[in-house]
Amino acid sequence: MGRRRRRVDRGAAVGALPKAIAALSRTLPAGPSPEIFRRAKFDRPEAAPALWQLLFRVLSPLSADGASASPAQGEPPSTEAQVRAVKSELRSQGYPRRALAQLPEDGSQGSRELLLALAWLLARGPLLERLLAQTRVRLGDEIPLCECEALARPGAPVPRVEADGPVDIRHLQWLMGKLRFQWRKLITSQQEQCALLGKIHSYTRGCHSDRSLGHLSVAETELLRDAEGGQQDTVLGTCPPEASQPTFVPRIPERGAGEWELVARELQALQEELRGAAEPRRAAWEARVGGWGPEWSAVQRASREAVGLELAALQRAWERGGAAAQPHGPCRLVKSDAGASGGPGLRAAQVIEVLRSREACLEAVLCQLQRQCRQELARLAGALPGLIWILPPGR
Amino acid sequence: MSIVTVQLGQCGNQIGFEVFDALYSDSHCPQGLCSKRENEVYQASCKERFFSEEENGVPIARAVLVDMEPKVINQTLSKAAQSGRWKYGQHSCFCQKQGSGNNWAYGYSVHGPRHEESIMNLIQKEVEKCDCLSGFFIIMSMAGGTGSGLGAFVTQNLQDHYSNSLKMNQIIWPYGTGEVIVQNYNSILTLSHLYRSSDALLVHENDAVHKICAKLMNIKQISFSDINQVLAHQLGSVFQPTYSMEGSYHYRRNPLGELMENLVPHPEFKMLGIRNIPQMSENSLAYSTFTWAGLLKHLRQMLISNSKMEEGIDWQVRPPLSRLPTLGKVSLNRELHFNTSIANLVILRGKDVHSADLGGFKDPALYTSWLAPVNAFNVWKTQRAFSKYEKSAALVSNSQFLLKPLDTIVGKAWNMFASKAYIHQYTKFGIEEEDFLDSFTLLEQVVASYCNL
């Protein structure tokens, strides 16, 4: 009886498999055709390149707007680079199979291993949900709460202009001035956007089917307006009303208490080892340097102070920022009554508080850098007797 | 994005009226030479920038009128209301019962602080009517009493209260043979104060505009109204809507911001001149046709030879053959009468505008050595014709246009100052000799900077 039930179950599973593969093929970025999956099951070599590419796309960090953070060269990386990246990423995620790590870098073999790796990723965490969330239509008016994704992404390479000969300072002043004007223009645009958002949120109060939101976003308003004009099917009709939730929050895998103990002990051991290695080296260095006199200790003191200041600033930022308490990524803007309490999400006042403290930190860093520049300039000026500084006109 | 205009003194108010009238007339001109739909978008863009809406539909100019005596303001208000097409806000003006006797120091030190709150309140009300404020125009004369002293004070206040908003002062440069004895003192005080608190100084020279009226427009008895209309035409041809970029048919949202970013980012170089072509009486318009090649050739030569209008251009002036680094060297170009540019903006309006060839303006020989043409030259276009001109071109230039006039004024003011003539008029109201010296220092620096291009 048990055996018969198993056979029925297997039959149902086998029947559902083609549909699942087809869905996967549609959903995954650079989704290989179902035929590729079938060939991979039989470890056919021709299926390997497509699966390497698929794994590369799935594992590479995706930016919030769904675009792949490919390097700024604009071209997809070579097969070898993709293979290496996939192996490295799987390793760091804890993928156990050695056979994959040993596959050749030309990407010509191992389609069954790759299929196994994909299955492992799918089983491990909400991979599909994450991918779908990256590329879905966003219905809310969103603002980013933190910049960690933007900072983690490798930025475009800074254009390096090699100056042949001395650079005219007037050109630099010109560029600085341009930057300032662009900033002012940006601020003005942002203010306009905020004013308009405020208007739309006020005017559409009571229009949203989801009571916790209460009003429509710009995207929703436009969809409704277009729908009334009969221009397209209402997407709103088919989409469930969106709960005000931030986008996917990276989940830290649960570990047992025992594991933490182990990790803590390993870290302590490492610290002891490092201290043991550092002490004799430091003693030797100080012995060498100690005879340099008071000038050197002044420098030492200054550097120690500078480091201390920076650490303190970092700590303040960390504590005040309450970084741990904040969700990452973009959040939906919802306007509610001043008295309303409860509900998920952050209050604007809290976000403003965090931003203010970050601003203060950055100001402090800026002041320090300016002071260093001034000291450097004074040193350079001191080296040239008879040099007169003429300051630009200001108030 | 909207621009709020502050009209100061007799000069500022009379010109301001002509500017709004020119903008309104152009945006409702039936001969736009473009589709109805495009015309509507053009109108809407101009309207949002310069006018606000009222219930009965008559557009209200986004303006604040300030003068120390009521006569000119009343005239301006009634002229606008009479037209029935647009008007000024009922409560947008501030005036007193008596003037300030052409005393710059009185305008700056007495009128200014005394009426600061009222004036700033009026401006604030006008700003609140804007969905989005791009910046301010401040129209004022440079050498008068009320307009200039008070204007300098108001601009400083705008800097303090609206530091992120852009400020462009439309300055009327007096006739060389002006009637006010102390006009050179007033001029240097105005310029030095504005240089510190304004973002851009767009200069309109009375002498130049007068010549345009006489030679090009064939006006026999030139009134201030004629002069102001030419001036308004020039301003309109710069600030009416233009496409946001090559190939686009959307109008740019922030022309003031883009103009400033492209022309005056450097704090020492804020003086802008304006030229336009063609300029003629309405009767002659019907009989004239132009090509872009011809118009641009003339405009380029007007730029190079510092000519104020399209007649009497000196075609002998040529760009120098080699651009030498100029630090510390006395500009040979002055002797050759060649006008070196820092940055230029050309605005083209009308038929076949996309076929116009602007290569002549991208010649590196036109520009100073530290800025390449790709950064120094910008062009705005729209195929919607401006004010019945089938094709028209305007040039806003940050160049040595005003070097000689500025140098002249500073020289004359210094000669007077050296003998301390009329200084008591200023020290009586808190403008000390120190302030004069500061102004001279600043302006000498500006002259030197423009000279060493």
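A cavity here is a set of grid points where a 1.4 Å probe fits but cannot get out, and its lining residues are those with an atom within 4 Å of a point. Keep in mind throughout that this is a predicted model.

**View 1. The largest cavity, lined by residues of chain B.** There are 4 cavities of 30 Å³ or more in the structure, and the largest has a volume of about 90 Å³. Around this largest cavity you'll find Val203(B), His204(B), Glu205(B), Ala208(B), Val209(B), Ile212(B), Gln234(B), Ile274(B), Arg275(B) and Lys308(B). Strand 8 (200-205), helix 7 (206-216) and strand 9 (271-277) of chain B are the elements that each put two or more residues into that lining. By residue class, the lining comes out as 5 nonpolar, 2 polar and 3 charged.

**View 2. Helix 6 of chain B crossing helix 16 of chain B.** Here the axes of helix 6 (residues 183-197) and helix 16 (residues 433-451) of chain B come within 9 Å and cross at roughly 70°. That makes the two helices of chain B roughly perpendicular. On the helix 6 side, the contact includes Tyr185(B), Ile188(B), Leu189(B) and Tyr195(B); helix 16 of chain B brings, among others, Phe436(B), Phe440(B), Leu443(B) and Tyr450(B). Sorted by class, the residues of this contact are 11 nonpolar, 2 polar and 3 charged.

**View 3. Helix 6 of chain B again, now with helix 5 of chain B.** Helix 5 (residues 146-161) and helix 6 of chain B pack at an angle of about 10°, their axes 9 Å apart. Angles under 35 degrees count as roughly parallel, and these two helices of chain B are therefore roughly parallel to each other. Ser148(B), Gly151(B), Ala152(B), Thr155(B), Gln156(B) and Gln159(B) of helix 5 meet Thr190(B), His193(B), Leu194(B), Arg196(B) and Ser197(B) of helix 6. The tally for this contact is 2 nonpolar, 8 polar and 1 charged.

**View 4. Asp352(B), with a positive phi.** Phi is near 55° at Asp352(B), which is a positive value in a residue other than glycine. Look for Asp352(B) in the loop between strand 10 (341-350) and helix 13 (373-376) of chain B.

**View 5. Where chain B meets chain A.** The contact takes in 36 residues of chain B and 21 residues of chain A. Between them the chains bury about 2700 Å², with 57% of it on carbon and sulfur atoms.

Terms used: Residues are numbered from 1 along each chain as its sequence is written. Chains are lettered from A and ligands numbered from 1 in the order in which they are written. This is a predicted model: local features need pLDDT of at least 70, side-chain atom pairs count only at pLDDT 80 or more; totals for chains, interfaces and linings use all residues. Side-chain values use heavy atoms; hydrogens and water are left out. On a 1 Å grid over the protein atoms alone, a cavity is a set of points where a 1.4 Å probe fits but cannot get out, and a pocket is an open set with protein on both sides within 12 Å along at least five of seven lines; lining residues have an atom within 4 Å of a point. Grid points are joined across faces, edges and corners, and a volume is the space filled by probe spheres set on the points. Helices (H or I, at least four residues) and strands (E, at least two) are DSSP runs, numbered from the N terminus. Ala, Val, Leu, Ile, Met, Phe, Trp, Tyr, Cys and Pro count as nonpolar, Asp, Glu, Lys and Arg as charged, and the others, Gly among them, as polar. Axes are lines fitted to C-alpha atoms, for helices over the stretch in contact, and angles run from 0 to 180 degrees between N-to-C directions. Angles under 35 degrees count as roughly parallel, over 145 as roughly antiparallel, 65 to 115 as roughly perpendicular and the rest as oblique. Contact means heavy atoms within 4.5 Å. Buried area is the accessible area (1.4 Å probe) that two parts lose on being put together, summed over both.
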